[in-house]
Amino acid sequence: MALLEIRDLHLGMRSFEGEAHVLNGIHLTVERGEIWGIVGETGCGKSLTGLSISRLVSTPPGRYITGSISLEGRNLLTASEPEMQSLRGRRIGMIFQDPTTNLNPAFRVGEQIVDVALHAGGLDPSILGVGAKASRSERKKAARNLAIDMLAKVGIPKAGERIDDYPHQFSGGMRQRVLIAMALIGRPDLLIADEPTTALDVSVQAQILRLLYDLVQEHQLGVLLITHNLGVVAQICTHVAVMYAGNIIESGSVREVFKNPNHPYTTGLLASVPTAKMKRGELQGLPGSVPNLLAPPPGCRFAPRCAAVQPRCTAAIPPSVAVAAHHEVACVLAEPHASAAA
Amino acid sequence: MILRIENVTKDFKVSHGPLARATHFTALKDVSLSVGKGESFGLVGESGSGKTTLTRLILQLDRVSSGRILFDGTDLASLSARDLRHLRSRIQIVFQDPYASLNPRMTVHDIISEPMEIHQDTLGLNARQRTDRVVELLELVGLGGQHLFRFPHEFSGGQRQRIGIARALAVRPEFLILDEPTSALDVSVQAQVLNLLHELQAKLGLTYFFISHDLGVIRYVCDRVALIYRGEIVEQGETERIFEAPESDYARLLLSAMPEPDPDRSPFRPPAASAG
Amino acid sequence: MTTLAEKVPASATSSRWENARRGFYRFRNSWLSIAGLLIVLVLFIIAVIGPSIVPYPEHVAGSVSTATRFQPPSALHWFGTNELGQDVFSLVVAGSQISLLAGLAVVAVGALVGTLVGAVAGYFGGWTDEVLMRLADLKLTVPSLILAMAVAAALGPGILNMVIAISISWWPGYARLVRGEVIAKKEEMFVQAARALGAGTGRILRRHILPNILTPVIIKMSLDMGFAILTVASLGFIGIGVKPPTPEWGSLLSIARTYMPDYWWTAVFPGSAIFLAVFGFNLLGDGLRDVFDPKARR
Ligand SMILES: Nc1ncnc2c1ncn2[C@@H]1O[C@H](COP(=O)(O)OP(=O)(O)OP(=O)(O)O)[C@@H](O)[C@H]1O
Ligand SMILES: Nc1ncnc2c1ncn2[C@@H]1O[C@H](COP(=O)(O)OP(=O)(O)OP(=O)(O)O)[C@@H](O)[C@H]1O
Ligand SMILES: [Mg+2]
Ligand SMILES: [Mg+2]
């Protein structure tokens, strides 16, 4: 059974102008040990996909129209709120973009991690490694030790001393490490990281990516890495899903998708990144901008910006076809692969 | 050389609460560099390394602690208020954050025509001519005149950055400071903006002072580069030379950390590993 | 936010209109704000046309009819009559004019003076800031009602004097608010951008800073309206505001209190009017906060 399986997920968002169909049939399967990169332009629904998995989209304005999200067979969209709360602390870990706004500046770093550890320990006593009947102070002590271990593990030097610092005494990269430590404390099976390195310098980013990669190797987590940095995806992801206006238009193993992009959008996105060999003015880019989701273009939502557009593109949203093993494309031009079709 | 920065140091007084004694923080230390007319000069450095501080000094929004900044041969510190205002029409800046750098209560027309109003005496345009020029500028940056009376929040990030560029070009500057003009944008939109900047440079003969922490962008845009680390220039030279044969450890570190969008060149995967 | 490339406004006015409609959409989402708006609208309509449609205009002008003293509410006298036999309904309706006008004047003067002082203090900082804000602090140390009482007593009774008296205790609140906002806005990128363009102090304050801090000021004005009306009424109540026979809610209440609880209607109706006005303006103020919240730009 797949760790995470999203089937035909449709999400509506209500606003002044009306309801926008912001997720328009998402299909995604994540297995343990896989790092999935979710890429796409701003507003294409990356964060909402991640938030949907931990059911953190507020409804209203959100509304789940159809679809299912299952974590090892359990449908999360129909789970009760207390059930979701226990999943969030334990099986699903989340890291958000901005490390400064997700740590409370008024509390010591340690206290904030200990809180998370106690919550996780309440759900699964084995995490703290103390008996179920342990006293409050014993559990607190165990939680503190666990917090120090986790900080050391995410690469904070002298974790035992730094644990009593306040967040402002940490650098941006260290704060992001703290958030990763918090997300990992419940020993999650699935980690959702929404732009974990966007606010960081490249050298710090490289360290965080290394950390994430090693953690996946060690614990066989499934990871959803939301980013718009194609370089990051190429480096650490095993798989990638390219989103456009609420659809996954191309997905598969990173090497397949990056080396052999089939969808004109993926091609355009990859051609937008300047590379070493390019001369000035040679950058291709993508013309136009993302569509208005309140009145999306008919059929393929990318058609109005597509250089290879054809009359049949506007008829219906093209279905996903397998163009190779581990490589699916939703484009009318995609040629189904003979052996993968089975 | 249109811009010469000579041994510039900038100290900030930092106070740690009302009782503690104020200490000094050196944001820039003995920075020297020069930018030639018509070239694209890149400044690369990590967050907090002093890049924005240097632009504020060039724009005379802050005073240097020591050293000199010469623009077209004149020391900026020696200028009278009147000459400084005139100079400001020759140096313009495009800011990093296209969301915060446009006044939310002004229409696009008012935003772009404001610099022409301020520099009325040098440009001598009346209201009608200003509006014509705003339309002209909007077309130059690829937006079209129909957007004249909309407010900034009605635009996407890339469109806002174009408005920011149009505003900077309104007074026909020679020297454009671009402080991370694309770091808040999608790669697709970044490509559009970089291409636009390239076109404009060819068309208008502009000099660019381009700040970024994206080495890929710097390599694509700049003729020469300076690397800044904690307020000090650690290396500068021709772009290709620095990328091909970096001399400083810092340059090597940055280059190795730069994530390239090529799965085969990932430090995490042995090159021989098979797909899937 | 997605771009709406198709809908293109032809002028600044239509663009503003579109924004206003978005604002009203957020306002409409809370029925309490709507209730506030309705209360305030009705009060203003009453204040404008009320005095000319009251059933007993002669009572408003001061005439008494001792034959009909202390009549309880009835079809003839909806709110009953007072100790002089005057129709309480007519007095309350006519009183709305003075109360609202005085409240509005107090808030307007306070906001104007406070904004000027706060903007100058916040923008220039240094000793200008120091001097102006100490002055404001001084005002804040004395309870505003006491200060207003002292000033009103010194200037003598009358509407204008009363407005001056209350405004003097009213501006420091605005000055502090505006100063804080100006200091925050001064560091905003678009203000820096204007400075880089070579814009002078006047232009930066006028075009970039003040338009962007108007919102909290307007919200505070709306929230303050209720308290200003209350203060006007309080001065009326203790007898140093508007002098009878000019009807004013506070003085009506003040006179009526001696006849409580037997002739409750003489006090309850002016009191309810004050309550309604305070309540309405507060709800409106909360609603406006939603309208102007830039984070809610959807
Ligand atoms: N609370 C909300 N109310 C209404 N619309 C919303 C809300 N949150 C998101 N949206 C809309 O849903 C769409 C998808 O948003 P989402 O945050 O998932 O984008 P994203 O891909 O994460 O973009 P980014 O790269 O900018 O983070 C956008 O068009 C956005 O405007
Ligand atoms: N007015 C000031 N007072 C005190 N310190 C300041 C002031 N302005 C800047 N600094 C400090 O100077 C250093 C350099 O800041 P600067 O904004 O120039 O960095 P930067 O290179 O532009 O960084 P980023 O990439 O994050 O924009 C920082 O450590 C900053 O905290
Ligand atoms: Mg997002
Ligand atoms: Mg900066």
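Analyst: Let's start with one term: two residues are in contact when heavy atoms of theirs lie within 4.5 Å. Please also keep in mind that the model is predicted.

User: Thanks! Which residues does A:Gln235 touch, leaving out those up to four places away in sequence?

Analyst: They belong to chain B: B:Met258, B:Pro259, B:Glu260, B:Arg265, B:Ser266, B:Pro267, B:Phe268 and B:Arg269. A:Gln235 itself sits in helix 8 of chain A, which covers residues 230-236.

User: Is A:Gln235 buried or exposed?

Analyst: The cut-off for buried is under 20% relative accessible area. A:Gln235 has a value of 8%, so this residue is buried.

User: How about B:Pro261: where is it found, and which residues does it touch?

Analyst: B:Pro261 lies in the segment that follows helix 10 of chain B. Setting aside residues up to four places away in sequence, B:Pro261 touches A:Leu230, A:Gly231, A:Ala234, A:Phe258 and A:Val273. Its relative accessible area is 24%, and therefore B:Pro261 counts as partly exposed.

User: Both residues bring us to the place where the chains meet. How much area do chain B and chain A bury between them?

Analyst: In general, the size of an interface is often given as the accessible area lost when the parts come together. Here chain B and chain A bury about 3500 Å², with 55% of that on carbon and sulfur atoms. On chain B's side, B:Tyr220, B:Pro261 and B:Phe268 provide 22% of the area buried against chain A, more than any other three residues. The contact draws 43 residues from chain A and 40 residues from chain B.

User: How many salt bridges cross the interface of chain B and chain A?

Analyst: The idea is to look for a side-chain nitrogen of Lys or Arg within 4 Å of a carboxyl oxygen of Asp or Glu. That rule finds four salt bridges across the interface of chain B and chain A. A case to look up is the pair B:Asp264 and A:Lys259, whose side chains meet at 3.1 Å, N to O. Counting polar contacts, with both residues at pLDDT 80 or more, gives 17 residue pairs between chain B and chain A.

User: Which elements of chain B give two or more residues to the side that touches chain A?

Analyst: They are helix 7 (187-204), helix 8 (215-221) and helix 10 (249-257) of chain B. Helix 7 of chain B gives the largest share, nine residues.

User: Now to the inside of chain A. How many residues of helix 6 of chain A are buried?

Analyst: Twelve of its 13 residues are buried, so to speak a mostly covered helix. Among the buried ones are A:Arg175, A:Gln176, A:Arg177 and A:Ile180. Their cover includes strand 6 (92-95), helix 3, helix 4, helix 5 (159-162), strand 7 (190-194) and helix 7 (202-219) of chain A.

User: Last one: which residues touch the most other members of the largest nonpolar core?

Analyst: In that core of 107 residues, they are A:Leu28, A:Ile53, A:Leu225, A:Ile236 and A:Phe258. Another core lies apart from it, with 67 residues, including C:Leu91 and C:Leu284.

Conventions
Residues are numbered from 1 along each chain as its sequence is written. Chains are lettered from A and ligands numbered from 1 in the order in which they are written. This is a predicted model: local features need pLDDT of at least 70, side-chain atom pairs count only at pLDDT 80 or more; totals for chains, interfaces and linings use all residues. Side-chain values use heavy atoms; hydrogens and water are left out. A nonpolar core is a set of buried Ala, Val, Leu, Ile, Met, Phe, Trp, Tyr and Cys residues joined through side-chain atoms within 4.5 Å. Buried means under 20% relative accessible area, exposed over 50%, partly exposed in between (1.4 Å probe, protein chains only). Buried area is the accessible area (1.4 Å probe) that two parts lose on being put together, summed over both. A polar contact is a pair of N or O atoms within 3.5 Å; within protein, one must be able to donate a hydrogen and the other to accept it, and residues adjacent in sequence count only if both atoms are side-chain atoms. Helices (H or I, at least four residues) and strands (E, at least two) are DSSP runs, numbered from the N terminus.
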